[in-house]
Amino acid sequence: MTDITATPMLPKRVRFDSEEMVARVKRRYRSERLFKSLGGAALLLTAVFVVTVLLDIIYKGLPAFTQHHLVLDVPVRADVIDPKGTKNPEDLRSADYFALMRDALATAVPGIEGRVEKKRLNGILSSGAGNELRDRVLADPSIIGTTVKVPLLLSDDSDIYLKGKQTRVTEIPARGTAVPSATKGEITITSSGTEFADDVAVLKKAIVNRIAELKSRLTIVETRDPQAAEATSLKDEIAALEAHSSQPASAETLDSKMPSLLVAINGGLVKLSSISDSSATGTALLPLQSTNEAAPGKWSVVTYDKPESNRKTGDLEAAVLEKLRADGKVENKFNTIFFTHGDSRDAELAGILGSLVGSVLMLIVTIALALPFGVLAAVYLEEFAPKNKFTNLIEININNLAAVPSIVFGLLGLAVFLNFFGLPRSAPLVGGLVLALLVLPTIIIAARASMRAVPPSIKEAALGVGASHQQAIFHHVLPLATPGIMTGTIIGMAHALGETAPLLMIGMLAFIVDVPQGFTDPATALPAQIYIWSDLPEQAFEAKTAAAIMVLLGVLLLMNGLAIWLRSKFERRW
Amino acid sequence: MFISKQVNAVAIAAVTLVAFSGAAAARDQIRIVGSSTVYPFTTAVAEQFGKAGGKTPIVESTGTGGGMKIFCEGVGVDKADATNASRRIKKSEFELCAKNGVTDIVELKVGIDGLTIAHAKGGKPVALTRKQVFQALAEQVPDKDGKLVANPYQKWSDIDASLPDVKIEVLGPPPTSGTRDSFHELFMEKGAEGFDSLKALKKADEANKTKDFEKVWKSVRKDGAYVEAGENDNVIVQKLEGNKNAFGIFGFSFLEENASKIEGVSIEGVEPTYENISAGKYKGARDLFVYVKKQHVGVVTGLDKFVAEYVSEKAMGEDGYLTTKGLVALPKEEAEKVRASALALQPLDGALIN
């Protein structure tokens, strides 16, 4: 095939300015332009996808990096946390710090009475609100008996509310003079103005809509079964609503399926249950300081746009949080818990440290096994192994192994490491072993490729001055191939870091609170943690999931950056 | 330099071997496997248990069936102590357990989960019956003469004129999920029983020991009307927000947590609310279970205390912390019964399982 034809080509005059030629050149340029623009478009499309995904994750995840706290003055009462007065660390650790937090909150938001209301008030705090104080007391028991300013962790729902993801709050200053009838309980507010007229109009419209909605529902129910119990109750509801809307002068009632209307007056807050043009009745969420007349502009009508039944944060909680925010007692701080704690079922207490440590431990095992075995296997196969059918078979299988789905390695790990060797479930040791198997082919292939890239002249020169084959390889070829091997290894490790499927089979997809201390401690891994959080119903975990993805991407970026840096620093070109 | 690397490799291998031998020590940490539906509740109990002084149990999410397999592997410190299940243990699983020496199993009925069909908020309210759900999603449905034909319904309005005039599109869990099993049993089987011809088929099955009826309600149509959306219920919620005409199938806790985005469809005129499910009025509800190896009590530290914590009033009671996580509490009387038998660690009677 390399034969050069015996008959030389006859010199033929080519006319470059012929019409045919010009057209052909044009066509060639056009095809190149098309190819270039298609390539550019493909690149742009990819970039758009990547940027969309990244922006979406960052948008969802950023809120998880901050966490709202209440900063309150908390009296560290000795009779609650150290009744025996021993200052024994054991007793101090198991004391009820949450009780102190409850008292401090009740001081900051006075006047909330009733068992249910108190429970709801305490519900704005996280169950771990006392942890910060506990740590401080343990570090310095001398603060017992004094009053300290500590941040109280808020619950995930309060945090989401304060981050403004729940409802819009609008406050309209009133024009008339208002008189409340009481300071707590059921209160009627009469105004000299017509503050509530607009709201009444809105409500009337809402009722008309609701009637239409109910009627369409009734048709559905009736076509199926005219005698159904639901049909009767729907008919009653419609009749009641229609009777109501036909009396234009009457007061309108509000329920939890409509936007919440509240009146802020005399330092308190009243949730309205019924309104007419110039007066309104409701219950006090926050008690009023007096029943004095409030001048125009001194009181206002507050609306929470989203109906209470559609929110996780009720009106009472929202009112308390708004008050605390107005008092300057709410602080949005960097969420250190996220980086210093293990998993938790309370979103505000959940952190990634446990899974991050688990991932690091696994990668240590992986690299300790995969790198020496992979490189030595590559050296042997590339330089020492006889070339025969058997080594060919091994080579093909190594290449195939690199393409085996990772779940298969998980099954192998379950069968061999757990069931046969009896290693513990959920241990980073087993995870590392499985991942080492997973990345071994990648490392072998990368190591062989980079050894092949070292010019043969180097090996030949070494052999020429009398080095043995082994010396030539280990003293000259391998050091020169190291940057390539390192790059391959780091990319293999990054691949291993992102694997979830094999970990599923060996029990690392688990709820583990404690941060692992060793290779056989139960642990989970970053991608497994992400998977677990993404499956939980609480809304706050959505942000946690995205934030954990950001951390994982950050680690991957770091590893790949290291690979690029190593390559550019040590790479030699010939 | 490279010689030392080889030495390193040997050293690492040695360390690994040491770790191998150290793995079979006794255990003070409870291990639980099983259903992803019960996972949020068991983990909450585990965390409380850990805060009260015990070592926080490890809870794995393996699915009900996978959990049963691990649970029934045998008795010993390297075996799981308990498994979560979103349905009752099957006869075959009970027998597998017994074969491997797991003879004393304590059953905890921890609460109720409503299986809900929901759609994005803002659409018109829809009311369905289980019969209609069966008609919409079964692979084969009876025609007018009661003969089984391939599902002809393309739009909801084809089934019943009162239903919306939109394409049938339901997002639900894949067959590996316990939620899917429950969906078949709670909706499809009961829906199929609404047809006289299928009822007759069921009777014929019982007489001839065939499984034709089971085949009918256990098969879901494959022409795109039912979309398998994966185990992750959050994904279904997100997809519903994007597609106002689609319906999704998931547990009540997701409906409750996402009340601002989606709303439930009433089944047989009963809305999926906490009260309706707890009172047993809502037809699409199922019991959730945790199974514990009695043989491990006393061997694994704290297992009996963990059981006590799970069935305590402050956990699974009406105002307990599990209800804030979305569990529907058992009616008081039943809860008392469960508590009594759990605290006595009464083993499950194999004769009662079918």
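We're looking at a predicted model, so local features need pLDDT of at least 70 and side-chain atom pairs count only at pLDDT 80 or more, while totals for chains, interfaces and linings use all residues. Residues are numbered from 1 along each chain as its sequence is written, chains are lettered from A and ligands numbered from 1 in the order in which they are written, and side-chain values use heavy atoms, with hydrogens and water left out.

**Chain B overall**

Chain B has 16 helices and 13 strands; these are DSSP runs numbered from the N terminus, helices being H or I with at least four residues and strands E with at least two. Along the principal axes, its C-alpha atoms fill a box of roughly 75 × 60 × 50 Å. Of the 354 residues in chain B, 55% are buried (buried is under 20% relative accessible area, exposed over 50%, partly exposed in between, with a 1.4 Å probe and protein chains only). The accessible surface of chain B is about 15100 Å², and carbon and sulfur atoms account for 54% of that (Shrake-Rupley method, 1.4 Å probe; for residues, only the protein chains shown count as cover).

**A nonpolar patch on chain A**

Val50(A), Leu54(A), Ile58(A), Leu62(A) and Leu553(A) make a nonpolar surface patch of about 380 Å². Patch members have over 30% relative accessible area and no salt bridge; nonpolar side chains (Val, Leu, Ile, Met, Phe, Trp, Tyr) are joined within 5 Å, like charges within 9 Å. Helix α1 (residues 19–61) of chain A gives the most, three residues. Leu54(A) sits in that helix and is partly exposed, at 36% relative accessibility.

**Salt bridges**

Over all chains there are 39 salt bridges, each being a side-chain nitrogen of Lys or Arg within 4 Å of a carboxyl oxygen of Asp or Glu. Here are some of them:

| Pair | N to O distance |
|---|---|
| Arg136(A) and Glu132(A) | 3.5 Å |
| Glu382(A) and Arg452(A) | 3.1 Å |
| Glu313(B) and Arg339(B) | 3.3 Å |

Arg136(A) and Glu132(A) are four residues apart in helix α6 (residues 131–139) of chain A, so about one helical turn separates them. Arg136(A) is partly exposed at 32%, and Glu132(A) is partly exposed at 35%.

What about Glu382(A) and Arg452(A): buried or exposed? Glu382(A) is buried at 17% relative accessibility, whereas Arg452(A) is exposed at 54%.

In chain B, Glu313(B) forms a salt bridge with Arg339(B). Glu313(B) lies in helix α14 and Arg339(B) in helix α16, so the pair ties together parts 26 residues apart in sequence.
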